[in-house]
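Subject: Handover of a structure for your review

Dear colleague,

Please find below the structure that I am passing on to you. My notes on it follow directly after.

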Amino acid sequence: MPTMHRSPRPPCRAWLRSRAIVSAVALLVLGPACSPDPSSDLSSSSTVADGSLDLPAATGPRPHPAALGSGMGSMAVDLPELPEFEPPPEQSSTIRFRDATDGSGIDFEHRSGNSPEKYFPTANGSGVALLDFDGDGRLDVYFATTRELPLDAPSSSKGNRLYRNLGGGRFEDVTESAGVGYHGFNHGVCSGDFDGDGTPDLYLANFGPNVLYLNNGDGTFRASPAGSGADLDAWSSGASPIDFDGDGLLDLYVTCYGRWTEADAERYCGDRALGVRTYCSPLSISPSRDFLLRNRGDGTFEDASESAGILRDDGRGLGVVAADLNGDDLPDLYVANDLCPNFLFLNRGDGTFEDASELSGASRSESGFDQAGMGVDAEDVTGDGLPELLVTNFRGDYNTLYRNLGRAIFHDVSAWAGIVNDSMPEVGWACALADFDNDSWPDMVAFNGHVDDNLPLLGQDAPYAEPAKLWRNLGDGRYRLVGDAGPFFAGAHACRGAAFGDLDDDGDLDIVVSRMDSPPALLLNESEGGNWIRIEPVPSGHRSAIGGSVEVHAGGRVIRRLIKGGGSYLSSSDPRILVGLGDLDRVDRVVVRWPGGGRSELLEPELGRSHRVPQDDPTPVVAGEERAG
Amino acid sequence: MSRRSTLSLIGSALGWTALAAGISWAGWMMIRPAPSLDEADALASAGRFDEAEALLEAHLRARPSSSEAHLRAAQLLLYRPAPEGDGAEALLEARADRAAEHLDRVRPADDRTAALVQLYRGKADYFRYNTQAAEASWLEALRIDPRVPEAGWALLDLYYLQGRTREGRRLALQLHQVEPDPIDRVQLLLELVRQDAMPLAPGAVVSQFEPVVRRHPDDLHAALALGLGLVRDSRAPEGLSLLRDEVRRHPDDPDSWDALLTGLDDSGEIDLMARTIELLPPPIAGSPRFARHFGRVAQELGDWESAIASYRVAVGADPEDPRLLYRLARALRNAGQLDEASRLDARIEAAEQARDEVRALYDEANAVSDLADPSLVPLYRRIADQRERFLRLREAIAWHRLILEASPEDPESLAAVSRLSPLVEGLE
């Protein structure tokens, strides 16, 4: 008699069912191999045990509906028709961008360091910073790049590059003269006035020691000396400037991804039999802590994470945004973590933060799952004055929009907002909640690109290059995908960082996008825009305005925009506040809310121009520099 | 003697001769030497499968009605290493077809053989992408003889692939109670840990069930698994269309409605979800199993009180789903019911921590060669603790009962069983 076989051993099935790539044939082919040994003795030797099972009724295959003739089942069900997933994207949207890279003079090319060894850090890419480094009133562009690993191996990378904006869509490479041609493994870059001299500096978040370039004010930079405390030696991802303690000195929040050494590269992920190696899951990387670096004011920084109450070592930190998220005029922090809960730290105003991450509802999806958070942004998209939060996530998961319900409570409203289906197919990185058509409602954009460039070899329909996506705000915080935002959005790219700002000073937001192992994309906004106004907050004593906000009172509405640090993915955007007004042709007043309290007002400002609003001036002013609209 | 008589005599003689020859031939067929089944076993053991198969075929030519030989032939066809290379899939299916033909000719003499026939029939159907028939056969095998463990394992695998966690968990716990082998008893519980530690990628589910549904579009659960897999693999239009078709085909089946509503939830189509809920047949709409969907719609509308009410019912029906608990906690917090929300938050955080631990814990247990070793009680206890924190309450009880088998007076396990049992009363 055939033997009673011992149950199959799980390790074989465990391989089959792991998150490694599995093909249908492999599942079937390997099924028998996981079965009892076919050559085992066919004579029975098992004992009999009593016992019965309460099993469901075994039913045979159900007849195909076609065989039933008319009237199948006990009732017909008139289900609602499915949408055309979703309503077709807008084809005649007001939002459009022109790719102006060619002929711009920008010849930078990013180096990811991607190699057959698939060292994990080489998957995450780099960011972009927009800053007016020379004070000529035009936004300049600084590109970060990673490189091959190990760090002492030869590299084809030409290093980070700084391009001076010449106007008219032209840029000039001034890296060497400026002294900021860092050659290393640079993920994130942010800009801020860290030495309080009125000029924007650059902070590089690296795999390896971080670098602070201090602006000399003459078109050149000097590196902050080693041992300043800013030169963290970790696997840093991104950074945001923030004056968290309100002492007038600009501090830093630095996100770190995890612990990784070249020894970790020995782990093979992919299909060894096929010789296809992929990046390992983020779960293979132990999370590590971020750093809140307090500026001592003497050129040095100290780690204030623990004293501030936000020392956590359970995050794989990527994007970070500093902004007032609960309406108390203090800069808070929101951090996107990869397959860990996102962090929400609310500033108490006394040098400490409340860790509201889990209680807020903004740490996980609406069903409680940790998502693969990459890029972040914050802005009021519903018009109620409370800023929402946006996080981009991995393929197979949606980008998450958290609605601010007040009382430091957020709720995942991605489904309500209409962004779930359109964002699931891609791996999202840089993002923004920004008003691209100046209709007064912040739109949404996500720049995408897969991690692995070889999944088709494993039979997966997952291309490396993916389309960027842009959604137009319908006027209440719901969104609709824009079908034709320009040739860049019609193509596919391996994007990572992106920064947003008015590069050509025409009153709308342009975008500079970093792409893996490719030139960047300079996207100039050519949308059919509404009216606009730009505010340049000028805090007293070269302090930071991050944590403040701008309120535009017009047409019975109050349009609120945050003054932010960081945001997007590993990038740094235009610090000026551009506010779209739609059809409104008159603004009653603009109120600048300064961090820590205090207000400045601008009465009946002229539209279509920039206005500098100094904090020092106590009286309402109608002032501004002449800026061509 | 007349000519007629002579012819008649000759005819009779020929007839009797033929009859005698036939009887002799039949007798010879019965007693003639047939290739030995033991010899076939030996060839198979040596990996000489083609020769083993040929020998069995020869045996069957000599003994065409041998149930034992047909059973062994089927077993050999189903368990020999799978073919590789071009044409492998077709060859595998051809073997499954032949195995099924052999099984049709087996006349089981007892329940154990009958159960084996069902086991093998299920395997043959599985290789032919007929998972619905395979499931039916394996269930029948277990019904005939619960001690055909491979049928249980095969079903657990199938339920895991199809995402039928409720059925899989229930079956594993039932099999655990009747399994005589002490190692396998523990292995069954550990399998549930493994399934949490190794969630399936949606793309793998799609790859698994696309060929099944293509061949057998009437296979409800394969279609539901494929539909949900497509939704979760960022192919929502295809997935939802398939799920909707299944509701149309099976309007009385709660599984089809549940899958469609889950697919709509996962793809963020909450408006559509609300409209679909309105069409639920009353018996289904009133089921606590569907309260989660009502809660989701209410949550999306910002109707926190209705969401809370629905999620309470849902959690009561399925206290082992951390997702439901999280949604209830958020609804409570959003509604300002902070005390209860905070209590649930603490449980949720514990569940999250337990989730982070599950893979390492599984790997540790899986490396043990003798899972029934009584010295493993500390490991059992850690697993029981993890299961309890991860809201797998019935599993936690089962692990504690294993501890009590080794140490009947263990106070911690006695207390745990006493504490947890009321919480799972009435659960399926």
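How many bridges join strand 17 of chain A to strand 18 of chain A, and in which direction do the two run? There are three bridges, and the strands run antiparallel. Please bear in mind throughout that this is a predicted model.

Strand 17 of chain A

Strand 18 covers residues 343-347 of chain A, and within this strand A:Phe345 is the bridge partner of A:Leu333. The hairpin formed by strands 17 and 18 of chain A has five residues between the strands, and A:Leu339 there adopts a positive phi near 55°. Strand 17 of chain A is also joined to strand 16, residues 317-323 of chain A, by five bridges, and this pair runs antiparallel. Here A:Tyr334 of strand 17 is the bridge partner of A:Val321.

Strand 17 itself comprises residues 332-337 of chain A; six of its six residues are buried, so the strand is largely enclosed by the rest of the structure. Both of its faces are covered: A:Asp332, A:Tyr334 and A:Ala336 are buried on one side, and A:Leu333, A:Val335 and A:Asn337 are buried on the other.

A:Tyr334 deserves a separate note. Beyond its neighbours within four places in sequence, A:Tyr334 has contacts that include A:Val321, A:Leu325, A:Phe343, A:Val376 and A:Leu389. The largest nonpolar core has 286 residues, and A:Tyr334 is among those that touch the most other members, together with A:Tyr203, A:Ala498, A:Val579 and B:Leu328. In soluble globular proteins, nonpolar side chains tend to be buried together.

Chain B overall

Chain B has 23 helices and zero strands. Its radius of gyration is 29 Å, whereas a compact globule of 428 residues would have a value near 22 Å. Along the principal axes, the C-alpha atoms of chain B fill a box of roughly 115 × 55 × 40 Å. Buried residues account for 51% of the 428 residues in the chain. Of the contacts in chain B between residues at least 6 apart in sequence, 50% join residues at least 24 apart.

Helix 18 of chain B

Helix 18 of chain B spans residues 304-317; at 1.5 Å a residue, its 14 residues should span 20 Å, which agrees with the 20 Å between its end C-alpha atoms. Its buried residues are B:Trp304, B:Ala307, B:Ile308, B:Ser310, B:Tyr311, B:Ala314 and B:Val315. Their cover includes helix 17 (291-300) and helix 19 (322-334) of chain B.

The loop at B:Asp410

B:Asp410 lies in the loop between helix 22 (393-406) and helix 23 (411-420) of chain B. This residue counts as partly exposed because it has 17 C-beta neighbours inside 10 Å. Leaving aside neighbours within four places in sequence, B:Asp410 is in contact with B:Ile403 and B:Leu404. Its C-alpha atom is separated by 9.2 Å from that of B:His400, 10 residues away along the chain.

Annotated regions

With kind regards

Definitions and conventions: Residues are numbered from 1 along each chain as its sequence is written. Chains are lettered from A and ligands numbered from 1 in the order in which they are written. This is a predicted model: local features need pLDDT of at least 70, side-chain atom pairs count only at pLDDT 80 or more; totals for chains, interfaces and linings use all residues. Helices (H or I, at least four residues) and strands (E, at least two) are DSSP runs, numbered from the N terminus. The radius of gyration is taken over C-alpha atoms; the globule rule is 2.2 Å times the number of residues to the power 0.38. A residue is buried if 20 or more other C-beta atoms lie within 10 Å of its own, exposed if 12 or fewer, and partly exposed in between; C-beta atoms are placed from the backbone. Two residues are in contact if their C-beta atoms, placed from the backbone, lie within 7 Å. The expected span of a helix is 1.5 Å times one less than its number of residues. A nonpolar core is a set of buried Ala, Val, Leu, Ile, Met, Phe, Trp, Tyr and Cys residues joined through C-beta atoms within 7 Å. Two strands pair if DSSP finds at least two bridges between them.
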